[in-house]
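This briefing goes through one protein chain, topic by topic. The sequence and the structure come first, and the notes follow.

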Amino acid sequence: MWNNSGMDVRLDTGLELLLERAPGAHASRVLATVVATAGSTYRKPGARMLLMADGSYIGLLSGGCLESDLQIHAREVLDSGVARAVEYDTRGPDDVLFGVGAGCEGTMRVLLEPAGPGSSAEAALAAAGRITHAGETASLIMVHNSSLTQLGTYHGGEDLPLAERTRAYVEALAPPPHLLICGAAPDALPVVSTARALGWRVSVVDHRPAYAVAARFPGAEVRIASPKSLRSEVDLPRCHAAVVMSHHLPSDEVYLRELAQAGVPAYVGLLGPKARRGRLAKELGPLTEKLKDRIRGPVGLDIGAITPEGIALAIVGQIHAWLAGRAYSEAVLTQPV
C-alpha cells in the first residue's frame, strides 16, 4: 500500500498473527481464507482465520455471524481431508440463509482447507512469513475453483498446473511494519508489546546489558550495541519507523546523529518534552536539517496519555496513522532561537 514511509508496508498483519498464535504442531486445524467478496462485508479478500478441531478459532472473517457455520464446514473438511469453497449471501431480507441474519448486504466466498502439520497450506503460509519478515514482498495463490489443480493455498514460487477454468485469488504481501526502538528502559516495554500485539516486527537496541535482555521483550529482536554502531547493527533501510527513548541524553543525541546520517527511516519519534528536544537540536547543529522533516517530538498522538501504557498507545497509534497516510499533529525538531 502507499504510505508516508516511501516503503512498501502492510498494515493487515493477519498472516503474522496467525503464524504466531497457531497451536502446537500436532493440533488439527482448517485454514479459512476469504477469496472473493461483493458489496458490504466485514472482511475483504485475503482475510484468514484458523478453525481448530476442538471448536476454538483464531481470527475472524465476520463479526461472529458466520463463524459457527464455518465450524460445521471445517469439521467436514477435517474429516474428508479435502478442501472446499463455500459462499455466503447476506443481501436483502433473505439473509436468514444459513441462519446468520448478518444484514451486511454482501456476498463472500471462503476457501477452507486442511492446515495441519505437513499440509501445503502450512508450508505456504510459513514461506510467506519468512519472506515478509525479511522485509521482502511475498505472494500467495488461493485456488478456489479448478478442474485440474487441487484447491488450496500455494506459495507464489510454486509451479501450478492451472486449467483454463481455474479461479484463484492472488495476494501480494508486503512486509509488516518494522519498528526500531532505540533504548530499552522500562517504558519501552509497553511500546514493544503494543506493536507486537499488532503483528509488527520490532527491533530493540540499547548499550546497557541490564536493559537489553531478550526475555523482557517477547517476540522482539533485541541487541546490545553502542549508539554509535546503530547503522552497522541495524538494517535501517528495512525499518519503517524509529523511536528514540533511551532516557540518556548523550545516547539519544548519538542515536539521532546516526539516524540523520542514514537518511532513514522517514519517521523518527523522540520521547521527551520540548525543552529536551531543543537541547538535542542545539547539540546536533547542522545535522538537524536532515531530521526536521522526519522527526516527531514529543512523539505520539495527543490523547491525554498519562500511564506508560497510554503513552505507548499514543506512540504506536501515531505511527500507525502515519503509515496509513492519515492526518495527525506533529512537532518538528528545531533549534531554539
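Just after helix α7, Gly285 takes a positive phi of about 60 degrees; helices (H or I, at least four residues) and strands (E, at least two) are DSSP runs, numbered from the N terminus. The model is a predicted one, in which local features need pLDDT of at least 70 and side-chain atom pairs count only at pLDDT 80 or more, while totals for chains, interfaces and linings use all residues. Residues are numbered from 1 along each chain as its sequence is written, and side-chain values use heavy atoms, with hydrogens and water left out.

**Helix α7**

- Arg276, Arg277, Gly278, Leu280, Ala281 and Leu284 are buried in α7 (residues 274-284), where buried means under 20% relative accessible area, exposed over 50% and partly exposed in between (1.4 Å probe, protein chains only).
- These buried residues of α7 pack against α6 (249-262) and β13 (268-270); contact means heavy atoms within 4.5 Å.

**The whole chain**

- Eight helices and 14 strands are found in the protein chain.
- The C-alpha trace spans about 70 × 40 × 35 Å along its principal axes.
- Of the 337 residues in the protein chain, 49% are buried.
- Among contacts between residues at least 6 apart in sequence, 63% join residues at least 24 apart.

**The parallel sheet**

- An open sheet is formed by six strands in the order β11-β10-β9-β12-β13-β14, with parallel pairing; two strands pair if DSSP finds at least two bridges between them.
- β11 and β14 (295-296) are the edge strands, each pairing on one side only.
- Two bridges join β13 and β14 in the parallel sense, and Gly269 stands opposite Arg296 in β14.
- Helix α4 packs on the sheet and touches β9 and β10, its direction making about 175 degrees with that of β9; axes are lines fitted to C-alpha atoms, for helices over the stretch in contact, and angles run from 0 to 180 degrees between N-to-C directions.
- α6 lies across β9, β10, β12 (241-244), β13 and β14, and runs at about 160 degrees to β12.

- Strand β10 (residues 201-206) is largely enclosed by the rest of the structure, because six of its six residues are buried.
- Both faces of β10 are covered, with Arg201, Ser203 and Val205 buried on one side and Val202, Val204 and Asp206 buried on the other.
- Strand β9 (residues 178-182) runs parallel to β10 and is joined to it by five bridges; Leu179 stands opposite Val202 in β10.
- From β9 the chain crosses through helix α4 (residues 188-197) to β10, in a right-handed β-α-β crossover; right-handed here means that, with the strands pointing away from the viewer, the path from the first strand over the helix to the second runs clockwise.
- Four bridges pair β10 with strand β11 (residues 221-224) in the parallel sense, and Val204 stands opposite Val222 in β11.

**Ile181**

- Ile181 lies in strand β9 and is buried, with a relative accessible area of 0%.
- Leaving aside neighbours within four places in sequence, Ile181 is in contact with Ala188, Val191, Val192, Val202, Ser203, Val204, Val205, Val243 and Met245.
- Asp206 is 25 residues from Ile181 in sequence and 8.7 Å from it in space, C-alpha to C-alpha.

**The antiparallel sheet**

- Five strands in the order β3-β2-β1-β5-β4 make an open sheet with antiparallel pairing.
- Its edge strands are β3 (57-58) and β4 (84-89), each of which pairs on one side only.
- β4 pairs with strand β5 (residues 106-114) over six bridges in the antiparallel sense, and the bridge partner of Arg84 in β5 is Leu112.
- Helix α2 (residues 67-80) lies across β1, β2, β3, β4 and β5, at about 165 degrees to β4.
- α1 lies across β1 (29-39), β2 (48-52) and β3, at about 25 degrees to β2.

**Helices α1 and α3**

- Helix α1 (residues 14-21) packs with helix α3 (residues 120-133) at an angle of about 115 degrees, their axes 10 Å apart.
- Leu15, Glu16 and Leu19 of α1 and Leu125, Ala126, Ala128, Gly129 and Thr132 of α3 make the contact.
- The residues of this contact of α1 with α3 are five nonpolar, two polar and one charged; Ala, Val, Leu, Ile, Met, Phe, Trp, Tyr, Cys and Pro count as nonpolar, Asp, Glu, Lys and Arg as charged, and the others, Gly among them, as polar.
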